[in-house]
Amino acid sequence: MKSLAYLDHAATTPARPEVIAAITEELATGGNASSLHTVGRAARKVVEESREAVAHALGCGPSEVVFTSGGTESDNLAVKGTWWQRRGGDPKRNRLLIGATEHHAVLDAVEHLVHHEGAIVDWIDVDRSGRSDPSQVRELIERDPDSVALVSLMWANNEVGAIQPVADVASVAHEHGIPMHTDAVQAIGQVPVDFTASGADLLTASAHKFGGPQGVGVLVARRDASLVPLTHGGGQERQLRSGTLNTPGIRGMAVAATLAMQELPQEQEKLAALRDKLIRGALDLGLDIEVTGAHEVGDVTARLAGNAHLRVPGCDGDSLLYLLDAAGIECSTGSACQAGVPQPSHVLLAMGISEDDARGALRLTLGHTSTDADVAAFLAALPAAVDRARRARSASRGGR
Amino acid sequence: MRVVAAMSGGVDSAVAASRMVEAGHEVVGVHLALSQSAATLRESARGCCTIEDAGDARRVADKVGIPFYVWDMAQRFKEDVVEDFVAEYTAGRTPNPCLRCNERIKFAALLDKALALGFDAVATGHYAQIVDGPHGRELHRAVDMAKDQSYVLGVLDADQLARSFFPLGDTTKPRIREEAAARGFSVAKKPDSHDICFIADGDTKGWLTQRLGEQPGEIVDTDGDVVGEHQGAFAYTVGQRRGLGLKVPREDGAKRYVVDVQPRTNTVVVGTEDLLGIDVVVGDHARWCGAEPTGELQVGAQLRAHGEEFAGRAVAEDGRVTVRLDRRARGVAPGQSVVLYDGTRVVGSATITSTGRS
């Protein structure tokens with residue numbers, strides 16, 4: 001089936017033409033940014049200009065930009081690197097305060113530290129809208145402030161689009177001198193992200209979520225953030241991330257970041273209008289569909305402008321996904337798979353949604369190529385898909 | 001037709017899927033995730049639902065150019081196949097889980113879900129043939145008798161057969177491997193899966209013991225004299241000779257076999273080979289590939305997977321079947337299925353409840 005509507009921009013959003021042009025040119029140029037000769041210096045110049053552009057887009061200083069391979073590496077470096085550093089200096093400092101709805105790149109890094117290195121984790125809860133309460137973070141810290149190595153709370157959730165009170169939580173953490181990390185992978189290009197103003201010490205970004213290439217990202221790290229690196233080698237990126245710099249990818253990311261920042265106000269308005277049309281349209285189909293989390297028409301402060309998350313009672317998400325895919329609609333259930341098998345979403349469960357209710361989840365995410373026609377195609381395909389998915393569920397559940 | 005091709009990740013289902021595509025059907029590949037725990041059972045390289053197997057199936061689907069999905073049927077598989085398997089052994093019977101899986105998962109849960117999603121049929125890589133003949137849609141043995149799997153499909157009824165395709169039944173296994181290689185499938189040389197997919201190391205006795213705990217009991221001879229001990233009668237099968245560890249030898253030195261398993265008293269009975277011969281087989285849970293036959297039927301009866309066929313006469317009544325064999329068969333365990341043939345055509349099947357001598 002040919003694709004009629006791509007509604008999975010939170011998974012990856014198409015690279016912009018300007019980005020493709022920049023990467024292509026850079027690939028043809030070549031050069032290792034660590035080399036001292038002419039072509040090496042040229043590559044170094046591209047990397048540093050890109051660093052400045054990315055810093056400008058994210059509201060940080062160029063020296064705070066550490067280039068990585070993407071969101072997962074940045075999250076791992078922030079969480080493990082900080083925990084190793086802080087705990088190494090003080091064995092009592094082994095506690096992590098982590099958002100319950102974090103991406104697996106944070107969750108699984110934390111699980112690793114808990115299961116293999118003796119870390120202790122306290123989860124920061126979310127309410128029915130997917131948002132956390134800074135006063136709970138305060139309460140968790142004040143139980144024993146000297147034991148906390150790091151607070152990590154995502155800027156915006158990848159499944160339900162809930163925007164977290166990052167600045168408030170950062171200020172609570174700082175009262176006790178505790179560093180704060182935020183995974184802003186989904187936020188960039190959808191809400192203003194200003195690293196310095198947020199007060200965070202560490203911030204994760206991934207290029208392909210805002211129109212750049214896959215396989216390149218950033219960990220923004222304050223100059224005084226102290227981290228043990230994950231990889232050792234040539235000492236690139238403040239000794240924090242050894243390895244030859246991905247110059248074409250970095251240049252592509254810088255172009256994408258600049259465009260995303262410039263276009264943010266118009267983009268936000270466009271995406272929110274499409275999102276509202278999609279959610280309203282789905283709720284009006286009379287299929288008992290529910291929207292997950294907070295949704296106010298026009299709002300871009302509680303929920304990402306490009307995120308719609310629906311729950312369809314009586315359906316399995318994977319059936320819906322297949323039926324919509326067969327009808328040319330590309331979307332997601334939002335939750336992680338294990339070998340292709342959908343697992344009930346930890347995000348929805350943390351929001352107090354039952355396992356059964358979480359099964360019929362559908363995540364529709366919009367981006368810079370989205371149009372009215374995409375939303376219309378989805379709404380046109382949805383009723384037949386829901387009908388069949390409901391029959392399939394009762395068929396495969398019943399015994400013979 | 002719109003067809004779900006069940007893709008295990010093995011060579012057979014890979015070729016079956018591509019043959020369906022070439023026959024002009026609109027095909028979607030589906031890998032069934034049957035293991036409850038992604039982290040444990042799936043680590044096996046020999047089972048039929050490891051992560052590698054799902055990946056192999058996905059690569060074949062890529063190559064054939066069809067959509068591919070993983071459907072999670074682990075809960076149904078656990079309830080209908082694994083728990084049934086344990087319950088059968090606990091009751092002193094020897095089940096065939098592949099047959100149960102075909103009956104309740106592949107041609108029930110999977111087929112029903114596929115139909116509800118708008119598909120017309122399911123295709124698998126089983127070696128068997130479907131023929132439109134005088135009895136309607138008929139199930140026949142595969143041309144490759146060494147690979148023939150009509151026995152484990154003997155539980156399918158006419159409705160299920162009408163919705164099934166077995167595209168490999170007219171070809172021998174070596175030719176299927178050649179075809180897979182010619183199509184450039186990475187799985188062309190992948191070893192056949194055998195044994196029971198959810199018992200990764202093939203140690204059924206150990207697996208059952210882990211589940212049910214050690215239950216020490218006595219091994220007795222047909223006079224009731226204790227000749228050994230065991231750690232659970234559930235682990236023994238009628239006809240078994242190896243691994244009995246008998247302490248008291250027979251005076252005449254004759255080999256002894258398990259001739260009966262008595263779960264109620266946790267007793268295993270051993271006896272000489274002549275006691276294993278039976279020529280009457282009674283089964284229940286009869287399934288017919290068409291209408292239930294009336295009167296006495298001349299049949300060929302197959303009593304275990306890849307076992308030989310015995311000529312005989314079958315009578316069906318109220319979901320029960322009695323088969324009188326023309327000659328004696330050996331070591332037929334309750335719980336196994338008897339599948340009845342008319343020539344190469346499968347007539348029906350039943351689960352063996354008891355055996356006897358006429």
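**Entry 1: B:Cys197.** I started with the surroundings of B:Cys197, and this residue counts as buried, with 23 C-beta neighbours inside 10 Å. I am working from a predicted model here. The cut-off for calling a residue buried is 20 or more other C-beta atoms within 10 Å, so the label follows from the count for B:Cys197. Next I looked up where B:Cys197 sits: it lies in the loop between helix 7 (173-182) and helix 8 (204-212) of chain B.

**Entry 2: the annotation.** I checked the UniProt record, an unreviewed entry, and it places the feature "active site" at B:Cys101 and B:Cys197.

**Entry 3: B:Cys101.** Buried or exposed, I wondered about B:Cys101? I found it buried, with 30 other C-beta atoms within 10 Å. I then traced B:Cys101 to helix 4 of chain B. Setting aside neighbours within four places in sequence, I found B:Cys101 in contact with B:Val81 and B:Lys106.

**Entry 4: where the chains meet.** I turned to the contact of the two chains, which takes 16 residues from chain A and 20 residues from chain B. On the chain B side, I listed the elements that give two or more residues: strand 2 (26-33), helix 2 (51-64), strand 3 (68-72) and helix 4 (97-116). Which of them gives the most? I noted helix 4 of chain B, with 7 residues; B:Cys101 lies in this helix too. Finally, I sorted the chain B side that touches chain A by residue type and got 13 nonpolar, 2 polar and 5 charged.

Note on methods
Residues are numbered from 1 along each chain as its sequence is written. Chains are lettered from A and ligands numbered from 1 in the order in which they are written. This is a predicted model: local features need pLDDT of at least 70, side-chain atom pairs count only at pLDDT 80 or more; totals for chains, interfaces and linings use all residues. Two residues are in contact if their C-beta atoms, placed from the backbone, lie within 7 Å. Helices (H or I, at least four residues) and strands (E, at least two) are DSSP runs, numbered from the N terminus. Ala, Val, Leu, Ile, Met, Phe, Trp, Tyr, Cys and Pro count as nonpolar, Asp, Glu, Lys and Arg as charged, and the others, Gly among them, as polar. UniProt positions are given in the numbering used here, feature names are shortened, and annotations may be inferred rather than shown by experiment. A residue is buried if 20 or more other C-beta atoms lie within 10 Å of its own, exposed if 12 or fewer, and partly exposed in between; C-beta atoms are placed from the backbone.
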